[in-house]
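Colleague: Could you walk me through this one slowly? I am new to reading structures and would like to ask as we go.

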Amino acid sequence: MPAVTSRAQRAAHPIAIVAIAAATLIFLAPILWIASTAFKPRAIATSVPPTVVFTPEVTPFVKLFTKRVQLKEPPTPEAYEAAPWWEKTILDGGERVLRVGDDVQLSQYPNRFLNSLIVAVISTVLAVGMGTFTAYGFSRFKMAGEADLLFFILSTRMLPPIVVAIPMFLMYRTFGLTDTHVGLIILYTAFNLSFSVWLMKGFIDEIPKEYEEAALVDGYSRLEAFFKIVLPEAATGIAATAVFCFITAWNEYAFALILTNRRAQTAPPFIPSQIGSGLPEWTVIAAGTLLFLLPVAIFTFALRNHLLRGVTFGAIRK
Amino acid sequence: MAVLATLDPNSRAASRGWSDLTIRNAFILPTIIFLIVFNIFPLVYSLGFSFTNYRASVNRPAEFVGLQNYRELLSNPDIWNNFTITAQYVILSVGGQMIVGFGLALLLNRKFPFKGLVTTLLLLPMMLSPAVVGLFWKLLYDPSWGPINYALGIGKFEWLSNPTNALIATALTDIWMWSPFVMLLALAGLSAVPKHLYEAAAIDRAGTFYTFFRITLPLITPLLLIALIFRTMEAFKTFDLPFVMSTANVQTIAIRLYQMAFQSWDTGRASALAYIVLIVVLAITNIYVKYLNKVKER
């Protein structure tokens, strides 16, 4: 980017770099803090001043995934030796992992994580699938009232979740869809569909019409041209849209809070609910938070060239 | 749908397989129908409830009460207080985001090592789940061992335990989350300012301030306005972050709506309040989309 534009700016360069470094550090500090807490020994997690240098341990992650009980007496040396490495870290803390037979009893976390994954993946596939077809329809064919229809589609995305949640809750209760994966999938699909249409329309608008016209001349039908010419050309756009939809569904809180409580509960309402009960183990909560945020962080890097387009519903491209 | 029949019936493809008209309808109608069934129909359904005294927790049929819910809501000082808190939240957080975000963009709009990496890292907060962000900021703000009090050296400051502090604390978190959004749009604007304008200004020996106010600012104003309107709309609806951080102390209108609908189970009245909120949101959306289209045409 041509940036150094005036003498004043050029002179400030070293200062600017220091300022950039400082700003980056300040912005990342909260994330770094939660990430480091996830590897801290329990005793120093809430120390004042905060402990910066420590030996990282994975105990919080083992605890995150397992159900545990307090040990009444220390384990026998034989039992301690026989335990797998990850269980030793639990035994060291005066607890043992609950088992039924030989099966380790899992905590609720993996289940909530899995629910998030199921709901986010399926709703993304549906929203991007339908959205791509619709975007093609809007992109290639003239239609009276097109702008109004597109506004209508976008406006559904702008509805506050709480406003939609009231009637949806009543309807879901009638049809037995509360606390089901299907219920959340429908809502997240509807929520992401408008976004997907707008974003995909931007991507498809960029594919030259001549490609399809050439295919039509070659004897393809319009449908064949769509599947064999347009879809492959739009692959990058489809992938970017899918990642955005996934992140939205993955992060969604209000609908999940209102419409699920056990079976289909996703991670966002579950993670904060852990601090309501008894003495919370901050390191375990931090571990759960870190694991939950990690996919989004990775996707953000994958998406970095499409972020602007995504947050403006495809209106602004770089 | 008031559409159909503007396609060329003689197009080549019309003679093979599906006609263009069929394809267009088959591609577009399912989405429209889906959105009507799962977004518009529920809203119509709750419009009906907004004129009743229905309570979802009691097995008793709804009674029609006319405009009573709306009248009571609009004359209830508590509700107005919720709107005031929401407005304060919007002004604090969006105002802060515009300043911090624009500042960051000006800072980043130059060549420096690891630019791509740094920019992406700075954008991370806005991609995270607001509920989970709210949770870990609650830990950061902890009065007795939270790192924020330690870093600022302000003892056991209670960030979240009274309405004034909690409003500021949640707005600060919101600023942390969403300044990157403003930064992203502002950076796009800054990089699109034609370089020759700056060269011309330099030849004319224009000062830094003059260049900024006469060249940079006017040219990126449209993008900043998009950021402003979008963030205003989102902040007005805000629920997740203050709900997780301090339900009792940051009573935004969305939180009040949640409590009315799902804790007091005052379904009829909550539906009416939902409609009042909806009208405000749609008004802002309308402005936003008009502006978006305007910028798009440039």
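Modeller: In this predicted model, the area buried between domain 1 of chain B and domain 2 of chain B is about 390 Å², with carbon and sulfur atoms giving 69% of it. Buried area is the accessible area (1.4 Å probe) that two parts lose on being put together, summed over both, and the domain bounds come from an automatic or database domain assignment.

Colleague: Where do those two domains of chain B run?

Modeller: Domain 1 of chain B covers 16-49 and domain 2 covers 71-297, and their C-alpha centres lie 33 Å apart.

Colleague: How many residues of each are in contact?

Modeller: Taking contact as heavy atoms within 4.5 Å, 5 residues of domain 1 of chain B meet 4 residues of domain 2 of chain B.

Colleague: And how many salt bridges are there between these domains?

Modeller: The count between domain 1 and domain 2 of chain B is 0, where a salt bridge is a side-chain nitrogen of Lys or Arg within 4 Å of a carboxyl oxygen of Asp or Glu.

Colleague: Switching topic, how much do chain B and chain A bury between them?

Modeller: Chain B and chain A bury about 9600 Å², and 82% of that is on carbon and sulfur atoms. Of the area that chain B buries against chain A, Phe27(B), Met127(B) and Trp145(B) supply 8%, more than any other three residues. The contact involves 106 residues from chain B and 101 residues from chain A.

Colleague: Which residues form a salt bridge there?

Modeller: Arg222(A) pairs with Asp20(B), and their closest N and O atoms are 3.0 Å apart; across the interface of chain B and chain A the rule finds 1 salt bridge.

Colleague: One residue now: is Phe102(B) buried or exposed?

Modeller: Phe102(B) counts as buried because its relative accessibility is 13%, given that buried means under 20% relative accessible area, exposed over 50% and partly exposed in between (1.4 Å probe, protein chains only). Not counting residues up to four places away in sequence, Phe102(B) touches several residues, including Val182(B), Phe212(B) and Leu224(B).

Colleague: What should I know about the numbering and the rules behind these values?

Modeller: Residues are numbered from 1 along each chain as its sequence is written, while chains are lettered from A and ligands numbered from 1 in the order in which they are written. Local features need pLDDT of at least 70, side-chain atom pairs count only at pLDDT 80 or more, and totals for chains, interfaces and linings use all residues, while side-chain values use heavy atoms, with hydrogens and water left out.
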